[in-house]
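Please study the structure shown below.

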Protein chains: 2
Amino acid sequence: MIEANAPVTMSDVARIAGVSTATVSRVVNGHYGVSARTIAQVRTAIEQLGYESSLVASSLRRSRTNVLGLVAHSFQSYTAEVLKGVMKALSRSGFDLIIYANSDLYGSYSEGWEQRHLTRLSGTLTDGCIVVTPWGEMRSRTPIVAIDPVRGSTGPSVMADNLAGATTAVAHLLDLGHRRVGFIAGRDSLASAWSREEGYRAALAAAGVAVDPTLIGRGDFNPESAVPLARALLQRADRPSAIFAASDGMALKVLEVARELGLSVPRDLSVVGFDNIPESASTDPGLTTVDQSMYQLGYEAARMLKSLVTGEWDEPHQIVLPTNLVVRGSTAAPARD
Amino acid sequence: MIEANAPVTMSDVARIAGVSTATVSRVVNGHYGVSARTIAQVRTAIEQLGYESSLVASSLRRSRTNVLGLVAHSFQSYTAEVLKGVMKALSRSGFDLIIYANSDLYGSYSEGWEQRHLTRLSGTLTDGCIVVTPWGEMRSRTPIVAIDPVRGSTGPSVMADNLAGATTAVAHLLDLGHRRVGFIAGRDSLASAWSREEGYRAALAAAGVAVDPTLIGRGDFNPESAVPLARALLQRADRPSAIFAASDGMALKVLEVARELGLSVPRDLSVVGFDNIPESASTDPGLTTVDQSMYQLGYEAARMLKSLVTGEWDEPHQIVLPTNLVVRGSTAAPARD
DNA sequence: CCTGGAAACGTAACCGATAACGATTGCAGT
DNA sequence: ACTGCAATCGTTATCGGTTACGTTTCCAGG
């Protein structure tokens, strides 16, 4: 029996099996050039010692590690859904996944975090990385796929059809009869925030409704950022009859603020979000929102990264996935004055 | 400007700064024995090159890495909630987190996965690990905290008060008037599965209802495992009027099977789950379940692991957290025959 | 002027594994 | 028996960083 604290290394195996570490390495990696008898000896020694190769040591020397990385600045429901999709795409692919999260960044937003995480991982540990909602351009020795990339980014990315989704969402409100529709924008540097605002403007334009700049609040996708903005919009004498928020997280905060101000949803106010996070279904009333299947985003991102790493990707580097409107209880025709 | 594919290493910094790598290392790690002038030079070179130390290389030599690991066999909503709690506990603690997920195991259950992951990480990369719902005993050079440990395990662990939770859940059904209550058990090797079954028996005993062994189905916490069991229970002539499933995932499958068989919940069948995963709130009807705050489990596990690593833990190594019953629409008094 | 000791810094071993290379062996063909 | 080639396996450099140890520098004190 081996004592609990013995880290079994390759040289231990080599000693027991009576061969060199090189031979052990060949057996472990299934390389050519080892006799059947030696393989058996080494296997026995490995079994006996309970040896497992060290990810760290091998990744230092190897070029390929068969491990993909994922970095995200925090773990919201959003991220969890993405993760499920990623895992599904990686299932039985031979690639493992490492998720790196820096505790110091939790909840706060400091620029450049993704670059720091990236260089720490992609030095040797991972063959490529998925970055969820980055803050800026990144560079790395290995391929990067961005989920919800920054505006103007040219690298590989996966995102929802934010323009169409937002247009549909606002058109839904206009169809119900709303004419004063407020908007709470997302973080400006992200392409998604930009497109969602474009969709808002496009839908209004199509309906012949002029954009009132004072009805637009500048949020940053962080749910908390929506609170003062919603409060400002809803305390106006000429408050909007509907609010479209660029993310569900922010939309849920709008619901909270409305309740706090004694407004009933959807009688006094209609609210639409974007994302369709799980929580949106379980509020009362349910949140009408634009579904962008974060599961699918994760799935596609992982599929792309996998192929980029193996060098067999021949589809476009920018994937755009369809969205669809999910109508729940938070929207209705405006009450007549 | 550095070209995109240049991995900046410590020796690059050393060359630019005109010192040895040893000195660079001392500066990076804030060690004693470097003159102020040299520190400035090195700092400048680091800045200029955009150097970031490699997690892999340093962890190979170092004993402490300030990185904690988490291994889980799959990513369910369960795991995502745990993660949020873990991240919260680690926030600004100086510890980063690495989550390792093996794609080959996704969805399938192969024994010993946690040991494999553990040795790959804890060799050098992490200072300690959290293991979610393990399959067996584990050993490691570094501390391990199990969330929902195996039965009879003596190592550090965090779990819900499964016995009390299950007892309350079944008592709730009995209070409503149910007398034939089916049970779908979880994976037998886990302490939680065992305690939940004990709670089921205890509640029946307290109400003076004899246990009918044929009403107990042997699941394994995997939602799919509940399907044939639920089908068998509900197709009997003397089918139970209520079913208590040892996890929400399985309980949701029971709801599906009931619908498939044309049974109306809660009129024809009451269902209770355990866990309170987000999905339970958004089904129709909502699932009555036992909340065990997986967020809290994650939080406590991370808090414990952190202290175990730094050697300052003085509380008991086994933490048990309270549960509480969440009554939703899936339970009601049985219809009178 | 010499010595002692601390501060500052470089050298080289080392962590665990991989891979290029060289050395040895086995065996078939002549 | 000898050559040639392939199969087999050990040696060693290497990955990037850390650290034990040795060396040099510098200054204070005798």
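The surface near DNA strand D comprises 10 nonpolar, 12 polar and 4 charged residues. Here Ala, Val, Leu, Ile, Met, Phe, Trp, Tyr, Cys and Pro count as nonpolar, Asp, Glu, Lys and Arg as charged, and the others, Gly among them, as polar. A residue is near a strand if its C-beta atom, placed from the backbone, lies within 6 Å of it. The model is predicted: local features need pLDDT of at least 70, side-chain atom pairs count only at pLDDT 80 or more, and totals for chains, interfaces and linings use all residues. Residues are numbered from 1 along each chain as its sequence is written, while chains are lettered from A and ligands numbered from 1 in the order in which they are written.

Of the 26 residues around DNA strand D, those that come nearest are A:Ala22, B:Met10, B:Ala22, B:Ser25 and B:Ala57. Helix H2 (21-29) and helix H4 (55-61) of chain A, with helix H2 (21-28) and helix H4 (55-61) of chain B, each give two or more residues to this surface. The most, 5 residues, come from H2(B). Helices (H or I, at least four residues) and strands (E, at least two) are DSSP runs, numbered from the N terminus.

Chain A contains 12 helices and 12 strands. Its C-alpha atoms fill a box of roughly 90 × 45 × 30 Å along the principal axes.

A rotation of 180° with 0.3 Å of shift along its axis superposes chain A on chain B, with RMSD 0.4 Å, by least squares on the C-alpha atoms of residues with pLDDT of at least 70 in both. The two copies are thus related as by a two-fold rotation axis.
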